[in-house]
Amino acid sequence: MRSPRVRHPGVLVVAGALLVGSGLVLTGTGSRADAPDFGTPVAATTSPSTHPTGPPAAPPPAPLPAPDPAVPAAPAAVTLPAVADAVPLVPVGVLPGGGLALPERPTVLGWYAAGAVPGSPAGTAVLAGHIDSAVYGAGPLEGLLELAMGDPVTVTDEAGRTHAYVVSARTSQPKSALPPELFRTDGPPQLALVTCGGEFDERTGSYADNVVVLAVPAPGG
Amino acid sequence: MRRTSRLLLLPVVALGAVLLSASPAAAAPSDQDVAWMQAAHQSNLTEIAAGQAAQQMATDQRVRQLGQMFIDMHTQLDTQLTQAAQQIGVELPAEPSASQQQQLAAVQQNTGPAFDRAWVSQQLGSHQTTLAASQREVQNGSDPMVVQLAQASTPVVQQHLDELRALAGQYGLPTSVDAGSGGQAADDGMTALGWGIAGVGGVILLTGSAALVRRRGVTAA
């Protein structure tokens, strides 16, 4: 018994070679972690009358808030939708090169301690962390890619108090275009969750973009 | 009449309060008082240990100076606190909490300028938490002596926070957030599709080639 006859083996060879070639081209297009933008990005919320010069600048004399605003303790953990456990937070600062120092493991997030404190009446409290790591694998901030407007985000502080926020915007921008307004200690109170996204470069092991999720204090929270 | 007698009672009540707080047997600090004293003691121990770490490891003279200031002032605060605790029979823990020790140990894993910056961040967090705890005691504490201690510590801790913020401000705002190195979060659907197409192409290519070889064999025979 013979195997079935192939009438035009030459055609098969050419077609096979074409498919192999185009397939390999597709594998070379690189992988991406994309999240569509929604809401108003952080830079757009800057009011023109203030100078976003950062922490050293004293906050402008705001109209007096409610008497005895409770001082929040340092944040201890953040709860995100679709992430089973609260994600622990540690205070972080800026590295000598200007980069935000982040915990090595994606399972621990950093709070920019020289900025606003979650639960404080003004400024943007910044929480950031690795979306994934070549050493430790993926982390809970993958969930930022699937958040939607109005999703709850809750920060628990070291005193055990909770500060409830709801997601109001998500923006992706090239890493080189990180807006300095993100770190303002004045302006409306909000929470910013920052990680990486966009195209992943296998050779350098880094993403092209930053994904920034903004959340505002929950009504009545 | 009633009013007068009440007014007359005032100094007695005040004196009684003083006597009560000075006499160990009669004092009954509330749970809030005890919790604050224990937490404040642990915070003092943490800041003193952090100050000592700064003396040994800081490369930034400003960090050393802040560290020395924290050693001096938290030692002073803790002396008063310890005396008061003895007086009203509150037992104080012997060392900082596990998480405080852990955070300080993490800071000490850094060297050079990275240590300075990690130290400032950790101290910002711990002083923020201390300030929140003191405010809570001032608002909710019962024992006048303990409340007074909390009140007296507040401007000291606030000053430390201000100094830390000023120093962190001199380090500048973060200019980048490099937050992913693994690529696991990147959608590799295109990559998988590419390999799939290449695989199918490979099979067709092999079939075609085999048929060609076979045909040549038949022709030769």
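**Reading helix packing and a chain interface**

Reader: At what angle do the axes of helix α2 (residues 31-57) of chain B and helix α3 (residues 61-88) of chain B cross?

Author: Two packed helices are described by the angle between their axes and the distance between the axes. Here the axes of α2(B) and α3(B) cross at roughly 150° and come within 8 Å. Axes are lines fitted to C-alpha atoms, for helices over the stretch in contact, with angles from 0 to 180 degrees between N-to-C directions. Helices (H or I, at least four residues) and strands (E, at least two) are DSSP runs, numbered from the N terminus. This is a predicted model: local features need pLDDT of at least 70, side-chain atom pairs count only at pLDDT 80 or more, and totals for chains, interfaces and linings use all residues. Residues are numbered from 1 along each chain as its sequence is written, and chains are lettered from A and ligands numbered from 1 in the order in which they are written.

Reader: What does that make α2(B) and α3(B) to each other?

Author: They are therefore roughly antiparallel (angles over 145 degrees). Among the residues that meet are Met37(B) and Ile48(B) in α2(B), and Phe70(B) and Leu81(B) in α3(B).

Reader: How many residues of chain A are in contact with chain B?

Author: The size of an interface is often given as the accessible area lost when the parts come together. Here we count residues: 71 of chain A are in contact with 58 of chain B, where contact means C-beta atoms, placed from the backbone, within 7 Å.

Reader: Which element gives the largest share of chain A's side?

Author: That is α1(A), with 15 residues. The elements giving two or more residues include α1 (9-27) and β10 (190-201) of chain A.

Note on methods: Contact = placed C-beta atoms within 7 Å. Parallel < 35°, antiparallel > 145°, perpendicular 65-115°, else oblique.
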